[in-house]
Amino acid sequence: MDGDKIIEVCKKLNVDGIHPGYGFLSENAAFAKKVKEAKIIFIGPSPEAMKIMGDKLSAKAAAKKYNIPMVPGSVGAIETIEEGKKIAQETGFPVLIKASAGGGGKGMRIVEKSEDFEEQMKMAVSEAKSAFGNGSVFIERYVAGPRHIEIQVLGDNP
């Protein structure tokens, strides 16, 4: 987990590239940037791509530029409970309050009705701050039993 130590060892051993595995450092834009600055090949997405896709709100903004269909909900972070309630009403219940920096189901709350919104939003913000150091949340219509397709892309430097 010590990115600086990994880079230091790689330099001593004249390593050409680093594949960071899965999770943790593989999703850390700052680590990928340090690897690149150390003139070592980072086998994975660019730091810039990680920064955009690592935060759900910036990922949604990037998708919106290309008119990719998305689940209805808030455009950006919800700043107040009142704003969130309004968006939830417009979106239609049930809604899902999601941590922008989240993952693994942390900072997510399903809200079935308006009366439960305030409590669930406070819990989502608190959990997001605790788990990710970032309490930013947004709202989407809740989709029960969703399916998604993940596509792995392999490329090489020109």
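The model is predicted: local features need pLDDT of at least 70 and side-chain atom pairs count only at pLDDT 80 or more, while totals for chains, interfaces and linings use all residues. Residues are numbered from 1 along each chain as its sequence is written, and side-chain values use heavy atoms, with hydrogens and water left out.

**The chain as a whole**

- The chain contains six helices and five strands; helices (H or I, at least four residues) and strands (E, at least two) are DSSP runs, numbered from the N terminus.
- Read from the N terminus, the order of elements is α-β-α-β-α-α-α-β-β-α-β.
- The C-alpha trace spans about 60 × 30 × 25 Å along its principal axes.
- Of the 158 residues in the chain, 28% are buried; buried means under 20% relative accessible area, exposed means over 50%, and partly exposed lies in between, for a 1.4 Å probe and protein chains only.
- Among contacts between residues at least 6 apart in sequence, 52% join residues at least 24 apart; a contact means heavy atoms within 4.5 Å.

**Helices α1 and α2**

- The axes of α1 and α2 come within 10 Å and cross at roughly 20°; axes are lines fitted to C-alpha atoms, for helices over the stretch in contact, and angles run from 0 to 180 degrees between N-to-C directions.
- The two helices α1 and α2 are therefore roughly parallel, a term for angles under 35 degrees, while over 145 counts as roughly antiparallel, 65 to 115 as roughly perpendicular and the rest as oblique.
- Residues G3, D4, I6 and I7 of α1 meet F31, K34 and V35 of α2.

- An α-helix has 3.6 residues a turn, so residues three or four places apart point the same way.

- At the start of α2, a side-chain oxygen of N28 comes within 3.0 Å of the backbone nitrogen of A30.
- K39 follows α2 and belongs to the loop between α2 and β2.
- The phi of K39 is positive, near 65°, in a residue other than glycine.
- K39 is exposed, with a relative accessible area of 74%.

**Other backbone features in loops**

- Most residues other than glycine have a negative phi, and most peptide bonds are trans.
- N14, which is not a glycine, has a positive phi of about 55°.
- N14 sits in the loop between α1 and β1 and is exposed, at 64% relative accessible area.
- The peptide bond from F93 to P94 is cis, with omega near 0°, and P94 lies in the loop between α5 (81-91) and β3 (95-99).
- G54 is in the loop between α3 and α4 (56-65) and counts as partly exposed, at 48% relative accessibility.

- K60 is part of helix α4 and is buried, with a relative accessible area of 12%.
- The side chains of K60 and E140 make a polar contact of 3.2 Å; a polar contact is a pair of N or O atoms within 3.5 Å, and within protein one must be able to donate a hydrogen and the other to accept it, while residues adjacent in sequence count only if both atoms are side-chain atoms.
- Leaving aside residues up to four places away in sequence, K60 touches M70, V71, S74, F138 and E140.
- S74 is in the loop between α4 and α5 and is buried, with a relative accessible area of 4%.
- A polar atom of the S74 side chain lies 3.1 Å from the backbone oxygen of G76.
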